[in-house]
Amino acid sequence: MNGQLAIRLRGVVKRYGPITAVDGLDLDVPEGTCVGLLGPNGAGKSTTMRLLTAQAIADEGELEVLGFRLPGESKAARAQCGVVPQLDNLDVTLTVEQNLLVFTHLYRVGRSERREAIERSLKTANLADRRDTKVDKLSGGMRRRLLIARALVHRPRLVLLDEPTVGLDPQVRQELWALIDALRAEGTTILMSTHYIEEAERLADTVLIMAHGGAVAAGPPSQLVAEHAGREAVEVYGPPARLAEVEAAAAAVALRTRRTGTSVSVLGVDGADGRAPEGQRRPTNLEDVFVLLTGEEIG
Amino acid sequence: MAASASRRLGRLERPAMTGVLVREVVNFSSFWRATTFSSTVEPTIYLLAFGFGFGSLVSEVAGYDYVEFVGTGTVATAVLFSSAFPAMFGTFIKYKFQRTYDAILAAPVDTEELVTAEALWIATRAGVYGCVPLLVALVFGLDPAFGMLAVPGIAFVAGFGWACFGIAIAGFISSIDNFNYVISAVLTPLFLVAGTFFPLSELPEWAQVAGNFNPLHHCVELVRHAAFGWEGWSDLGRLGVLVAFGLAAWRVAIRAMTRKLVD
C-alpha cells in the first residue's frame, strides 16, 4: 500500500427519473486493498459499479479511477481495469479459449503477449483442461471462473467484482473466494460489491456499508463490529409479544437490538452486566452491524 | 489541461474497433454455415420464382431479359437481408439477452467505436453475400461484365447504411416485437418499390419521385448499370445518395445506442 487511491468518489449522485440510486456517495479504495461494498438489494451497489466504468454517468460529484477523471478519461481507466459483471455475458457458442482470445483484443494485449496472457488466465481460473469446451457446456461455477479469468487477461491494476458469487452453491462460492483471495495476495486492488456478509467479512480489508444510495459506515470489518455492535450479543427467543418486551427493556437501558425473524439480538452486552436480558450469549458479527445500520429488520 | 488531454484516449481508435471485429469474426466462425446457406438459397428462390415464374409471362422488362433484370435486382435484396435484419436482431439480442455490450463497454471501447465496428463488419458480410445472386444469375446465363467487379463495393456501401439503420432501430425500440412495425411499414415497401422485380418507370409519377428517396432503389440501379453499362453522372449521384444515407444512419445509430447503453 502506498497511500495512493485507486478509486476516489466524492458526493456522487445518480438519479433515474424520480429515483435517486446513488445519493451523495463518498468512496475511497486505496491501492493494493480489497474494499467490499456491502448493502441490501437496491442500495445502489450495481449503479456505483456502472458509474466506475462510465456505463452510467453521474449527475453530480467527482469520480476518479486510477487517477483518471470520469467520465472524460474513463477509457484510459477502463484499459487498466478488469470487470466481472453480475450477469454472465460470456459468448456461449465460443470455447473457453476463444472467449479469452476475444478479450485479449478488446483489452489491447500485444500480439506477442496474447498466448501467454491466455495461458496465465486459464491457469488462474483452473480451466486449462477446459480450454476447448464451449461455454454452454460449462457448469455454473466454471462459467463464473471464466468470467473472472476474462477480466484478468491484461493484468489489470484494479478489478471490479459485482456480486461475484451470487446464486452459486456454497462449495463453488468457496472456490471463488480462494481465487479472489489469491488475486488480493498478488497486490491487485479490488472493489467488490456483495450482499453476502460472510463474503465481505472474509475478503475485504475495508467494508463500506451502503443503504439508500449512500454510505452508512466504513472501516475494517472487525472495527465496524466493535464500534456498532460491541463484542457480545444476547439472543432471546420467544413469541412476538415477548420479543417486543425485550426490545423495550433494552432500549430503556440504552442497548441496541436487532430482529432476526424468530429472535431479538441485544447487542453490545459485554460490560453491560445486569442490564442485559437472559439468553444465549454469542460473539457479535458483521451481520449485526449490517442489520443495525441498513434498517433491514424494518423492511 | 494539456496533460489530461494527452492521457485521454482518442475517438474511433483502431485497436478498439479491432477488438469488436475480432469478437464478431470469432463468433461468425461458429454460425457462418447457416448464414451462408440462407444468403445463397434465398436469392436463388427469388430468381427462380420471379425470373422463371414471372419470366414466362414477360420476357423483357425495360429492355432487359427478365431473368437478368431480376438477377441483378436481387443483389439489393440480398444486401438488405444480410445487413438490416442481422443488424436489428443481432444488436437487440446482444444488448438485451446476451448483455454482450455491457462486457464490451467495460473494456476500453466507446459506443461510437462499438457501433462503427459492428456496422463495418455487417457491411463486409453484405459486400460478400450481395454478390451471391449475381453469381447465381451468371449460372443462369447472365453475361459477365467488368463493371460487375464494382458490385462488392456497391453492396458494402449500401450494406453499411442498412446496418446502421438496423442498429439505430434496435436502439430505439424497447421490445423485440416492435421490429414488426419497422419490417411491415418500412422495409417491405422499400424492398418492393426498389425496382427489383418491376421498373419504377411503370409507377405513377409520385411513386417514381418517392423512389428516389429509397436507398435500395439506387443500389438496384447501380448494380444493374455495373452489369449492363454505367450511366456516368447519374450513377455517381446514386453512389452519393448511398454514401449520404450511410453517414446519416451511422450518426443516428451512434446516438440511439449511446442513449440505450449509457445511463
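A residue counts as buried if 20 or more other C-beta atoms lie within 10 Å of its own. In this predicted model, A:Ala54 has 22 other C-beta atoms within 10 Å, so A:Ala54 is buried. A:Ala54 sits in the loop that runs between α1 (45-52) and β4 (60-65) of chain A. Its phi is positive, about 60 degrees, although A:Ala54 is not a glycine.

A:Glu163 is another residue other than glycine with a positive phi, here near 50 degrees. The loop between β7 (158-162) and α6 (170-185) of chain A holds A:Glu163. Is A:Glu163 buried or exposed? A:Glu163 is buried, because 21 other C-beta atoms lie within 10 Å.

## A cis peptide bond in chain A

The peptide bond between A:Leu70 and A:Pro71 is cis, with omega about 0 degrees. A:Pro71 belongs to the loop between β5 (68-69) and α2 of chain A.

## Where the chains touch

Contact between the two chains involves 27 residues of chain A and 26 residues of chain B. On the side of chain A that touches chain B, α2 (74-78) and α3 (96-106) of chain A each supply at least two residues. Which element gives the most to this side of chain A? The answer is α3(A), with 5 residues. By class, the residues of chain A on this side are 14 nonpolar, 7 polar and 6 charged.

## Helices α3 and α7 of chain B

In chain B, helix α3 (residues 32-53) and helix α7 (residues 132-139) have axes that come within 9 Å and cross at roughly 50 degrees. Because of this angle, α3(B) is oblique to α7(B). The crossing of the two helices, α3(B) and α7(B), is right-handed.

On the α3(B) side, the residues that meet α7(B) are B:Ser39, B:Thr40, B:Pro43, B:Thr44 and B:Leu47. Their partners in α7(B) are B:Val132, B:Pro133, B:Val136 and B:Ala137. The contact of α3(B) with α7(B) has 6 nonpolar and 3 polar residues, and no charged ones. As background to such lists, an α-helix has 3.6 residues a turn, so residues three or four places apart point the same way.

## Helices α4 and α6 of chain B

Helix α4 (residues 66-96) and helix α6 (residues 111-129) of chain B also cross, at roughly 155 degrees, and their axes come within 8 Å. Angles over 145 degrees count as roughly antiparallel, and α4(B) and α6(B) are therefore roughly antiparallel to each other. Their crossing is right-handed.

Which residues of α4(B) meet α6(B)? They are B:Ala78, B:Val79, B:Ser82, B:Ser83, B:Pro86 and B:Ala87. From α6(B), B:Ile122, B:Ala123, B:Arg125, B:Ala126 and B:Tyr129 take part. The contact of α4(B) with α6(B) divides into 8 nonpolar residues, 2 polar and 1 charged.

## Helix α8 of chain B

Helix α8 of chain B covers residues 151-172, which makes 22 residues. From its first C-alpha to its last, α8(B) reaches 31 Å, close to the 32 Å expected at 1.5 Å a residue. How many of the 22 residues of α8(B) are buried? The number is 19, and α8(B) is mostly covered.

Notes:
Residues are numbered from 1 along each chain as its sequence is written. Chains are lettered from A and ligands numbered from 1 in the order in which they are written. This is a predicted model: local features need pLDDT of at least 70, side-chain atom pairs count only at pLDDT 80 or more; totals for chains, interfaces and linings use all residues. Two residues are in contact if their C-beta atoms, placed from the backbone, lie within 7 Å. Helices (H or I, at least four residues) and strands (E, at least two) are DSSP runs, numbered from the N terminus. Ala, Val, Leu, Ile, Met, Phe, Trp, Tyr, Cys and Pro count as nonpolar, Asp, Glu, Lys and Arg as charged, and the others, Gly among them, as polar. Axes are lines fitted to C-alpha atoms, for helices over the stretch in contact, and angles run from 0 to 180 degrees between N-to-C directions. Angles under 35 degrees count as roughly parallel, over 145 as roughly antiparallel, 65 to 115 as roughly perpendicular and the rest as oblique. A crossing is left-handed if the near helix is turned anticlockwise from the far one by less than a right angle, and right-handed if clockwise. The expected span of a helix is 1.5 Å times one less than its number of residues. A residue is buried if 20 or more other C-beta atoms lie within 10 Å of its own, exposed if 12 or fewer, and partly exposed in between; C-beta atoms are placed from the backbone.
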